Amino acid sequence: MSEKSYLEALNLAITEEMRRDEGVMIFGEDVGGVKGGVFGVTKGLAEEFGDQRVFNSPLGESEIAGLAVGLGVMGHHAIAEFQFADYILPAVNQIMSEATKMRYKSAGDWISPIVMRTPYGGGVRGGFYHSQSTEKIFAGQPGLRIVTPSTVYDAKGMLKSAIRSEDPVLFYEHKKLYRSIKDDIPDVDYTVPLDKANVIEHGDDVTVIAYGMMLQFVLNAAEELKDDFSIEVVDLRSLYPIDKDTVLEAIRKTGKVLLVTEDAKEGSVMNNVSAIIAEEALFDLDAPIKILAGPDSPSMPYAKSLEDAFLVNQADVTKSIRELAEF
Amino acid sequence: MSELIIKMPPLGESVTEATVSQWMVKPGDHVKKYDPILEAISDKVVTEIPSNDDGVIEELLVNENDVVPIGTDILKMTTEGAVGSVPVAKVETRTTESQNSPSFKATGRFSPAVLKVAGERNIDLSSVSGTGKDGRITRKDVLNYQPKETPIISSQPAQLASEPVIRSTPVLELNNNDAVTKAGPVRKMIAQNMLKSIHEIPQAWTMIEVDVTGLVKLRNSLKNEFKEQNEFKLSYFPFFVKAVSSALRNNPKLNSSWQNDEIIQHKDINISIAVATDDALFVPVIKHADRLSITGIAAEVSRLANCVKTNTLKGSDNEGGTITVNNTGSFGSIESMGIINYPQAAILQVESIRKELSVLDDDTFGIRNKVNLCLTLDHRILDGLAAGKFLNEVKANLEAIDQNTNIY
Amino acid sequence: MKLKDSQLTKDELIQAYRMIKEARMLDERLWQLNRIGKSTFNISGQGAEVGQVAMALAFEHDKDYFLPYYRDMAAVMVWGMSAKDILMGSLGKVDDPSSHGRQMPNHYGDRAHNIVPFSSTVTTQYPVATGVALAMQIDDSKAITLTATGEGSTSEGDFHEALNFAGVQKLPMVFVIENNGYAISTPNSEEFGVKDLSVRATGYGIFGKQVNGRDFTETYLAFKEAADNARNDKGATLIEMLVDRLTAHSSDDDQRVYRTPEDIAEMKENDCVMLMERQLLSEKILNEDELEGIKKELEIKINQATEEAEEMPNPASDQLMTHIYEEE
């Protein structure tokens, strides 16, 4: 075991996988050379693996995605980095029309076993185009997997699984977690599945489902309220397809569910979770489904006062859990 | 040799019809597979249509310049091969598996909506029978539920029709001797109105007893003479309608209706009366009853009853009622709970007049004529106080009747 | 240019002609099947067959990869697909190698012959092809990549992004723009402001050349040179191949609406297949009887392929939910 940050865990996952499989490559804007990415996730990789396997791509996201698809077709587990989740938009056609449909449109003759990594999330004064949660755009496209680790352990284990996966994986990394969370993780090779939600804490008063920065708030709240209530905490992790079984089992235990996302509520991944619960578990509910989410404003503004107003905060989460537990 | 029908093929996405612009073959012609046989024009394309097989043209089924839907038979031919295939896409039957629907045991698991209604109406769900899958109790089951203790007047079928009380009917197994009749349109409409009233109006019920000895005396003294002078009988009912109409002037709240969260107080006093036939119930209206004398009301009651019998009620006879007075006494009822004639605020049931041994004001005994008046009211509009005040005024009006009362 | 100047043997030239003629006759069959109602769509490469066959012959089909577009029937047949393969695609049969009945007709792909399928949103195959070529470069496989699209696609952002990357990495590949004058009904004059699209290559630091796709030899030699450059690590080439579109855009379109009768008539008088037949006769590679013999032979072949394809099974409805994710 050694203590790593979320970012170090990601870097370690890529390093280990590139050592294990010579076909693994990584590229994106500012990913190569001595810089190693604007957040430093790929730092040191070019030095160890050379400029052919670790390189800067030109500034064109559609090409980054298409390049990965082509490498995937040829059997390379390519890792493409989109510098910010907001910058993924020019690549939507490549992701939806090529990466996601390659296996299906050829009935398995061709596949696109690639990882598309991208940092998302707000609270860093990044304004409109460095704060968004864009996973909702893709959540609902069969053929694609969308995952996000919310713990240091999962950061390493899930990225390794994503690189080994034969499916296209959109890998969302919460940029605020990069350096803010640290944990002891095994030094050995381990993987974490891409299609399973994770019950982090067990309880029987109320179930809370979250991911990303919001999961940290939920864990803090659970600790704060532990003498009063017993809280089941679920890390959603697999944003598409959603792990229905784990979600339903967790809400059936308590009959009360709080869903937390920093994304604007309309069309969010948590709306999808809510729909599953409403459809499958009506008779197990003891309270209306509660969703705590960002407001339906077009994006997260820059000014501190506006950013604070947009973001769900620790107090909101604690209060909502208490209210639901007391319902 | 076999017969082959050529159909107009699809000519472009979204195209629904095409024109035969020119036949390139005629009956008797020999054609080879893929030889052009006609030129067709659609919104999207102008094109030659090839033959689907080798053969001889039998008949052209459409004329040049005819516009025909895609898929129309356009040509009949005899093929030289074995069995000619018809050039339309086979329709494959598609089996749609049912989605995994939430499964649950029917008993003991109630939806939030069922629990809410049951709570509001104080219904014990164990006594409700469910009509849903596996016997699940649906929200509608709870809404339609009537407890067994509800006063129900049992009477002849013809009279039942005039008694607006519904009973919840448990499903009974059919016996060989049971007669099954499909509900006709009138019966269905009655059923709908009754259900609507019960679903939407929270109905409360109250009853008072009235001493009508004076009324009985007056009516008995006049009835023979009245019959000679008029074409209709003088019954007790018009006296009650008059007493109600007069009381409504001072109690306008009873003369109102609840519509879209608004309470509408009606200026006109139009009394609906229930008139039954063998298999249906009508509620024609005595317009401006407050302006009519007792004789005038009697005349109107008689006219409306005749119209019902001869099936000559006009639309206007059925419109505009603001409250209903129902003559349940005519078939011997002494106590009943009416269902409000939607969307009115109240219905008054006039029960049988009966003789009773009573203690009089001077503490002696006497034989008096008594009648029960039963009022069902819309509890959204009216409370017990308003209803009581109204009923007491009706009672006072009736008890004031004596030999001096003018019926004309 | 003379056919003999292509440096191909007489047999090779006859074989090339057979492929050109087969593609023409097969496409005519696809239109018939559409007009009978057996397929719902066709989009054809009539008028580009000579160029496509000349282009494809410049590659090594057992190792080079092809990422085509929907008019490339003649080219994919040179790469290895059969008439029956193409017909199964149009009829939506389960053994259709392009997509097993999943994509619309004419969206060619074939795992067995290194042909990567593409999407209808156009030009997406250009960036994907750079990935295929990069893999070949890294893996040092001495294989190269060809990718094709129409001239309308040059307006897409993917066109620029892919060429730019190919220039940066000196990728072993050839890009072709098959310019037939129209993007559905939009003429070249409304699509771009240059007369020669291959000049764009300069802006990306790659080779560029415009060729007359109706001229077999000129086209073959240009692609031979481009393929040699790619195979010898000299980098990528962009070729604009001028061709005709003898048919409407697709079976859903009628080009008589937006093209003049004179324009269409002139194009048909210069039908590339007819021009090549004249060359074969004048250069005495084939005589009239031999041409007629090839035609008869192909007619039988295509009829047989049609019958075989029609008898193949449709995909079972339970195939709908297969091959969405990796299956364990």
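The model is predicted: local features need pLDDT of at least 70 and side-chain atom pairs pLDDT 80 or more, while totals for chains, interfaces and linings use all residues. Residues are numbered from 1 along each chain as its sequence is written, with chains lettered from A and ligands numbered from 1 in the order in which they are written.

I begin with chain B. Its secondary structure comprises eight helices and 19 strands, taken as DSSP runs numbered from the N terminus (helices H or I, at least four residues; strands E, at least two). Of the 408 residues in chain B, 31% are buried, meaning that 20 or more other C-beta atoms, placed from the backbone, lie within 10 Å of the residue's own.

Helix α6(B), residues 237-250, is mostly covered, with ten of its 14 residues buried; among them are B:F239, B:A243, B:V244 and B:A247. Those four also belong to the set in α6(B) that meets α8(B), where the partners include B:F390 and B:V394. Contact here requires C-beta atoms, placed from the backbone, within 7 Å.

How do the two helices cross? The axes of α6(B) and α8(B), residues 384-399, come within 8 Å and cross at roughly 130 degrees.

Finally, I turn to chains A and C. Their contact takes 32 residues from chain A and 31 residues from chain C. On the chain A side, the largest share, nine residues, comes from α3(A).

Note on methods
Two residues are in contact if their C-beta atoms, placed from the backbone, lie within 7 Å. A residue is buried if 20 or more other C-beta atoms lie within 10 Å of its own, exposed if 12 or fewer, and partly exposed in between; C-beta atoms are placed from the backbone. Axes are lines fitted to C-alpha atoms, for helices over the stretch in contact, and angles run from 0 to 180 degrees between N-to-C directions.
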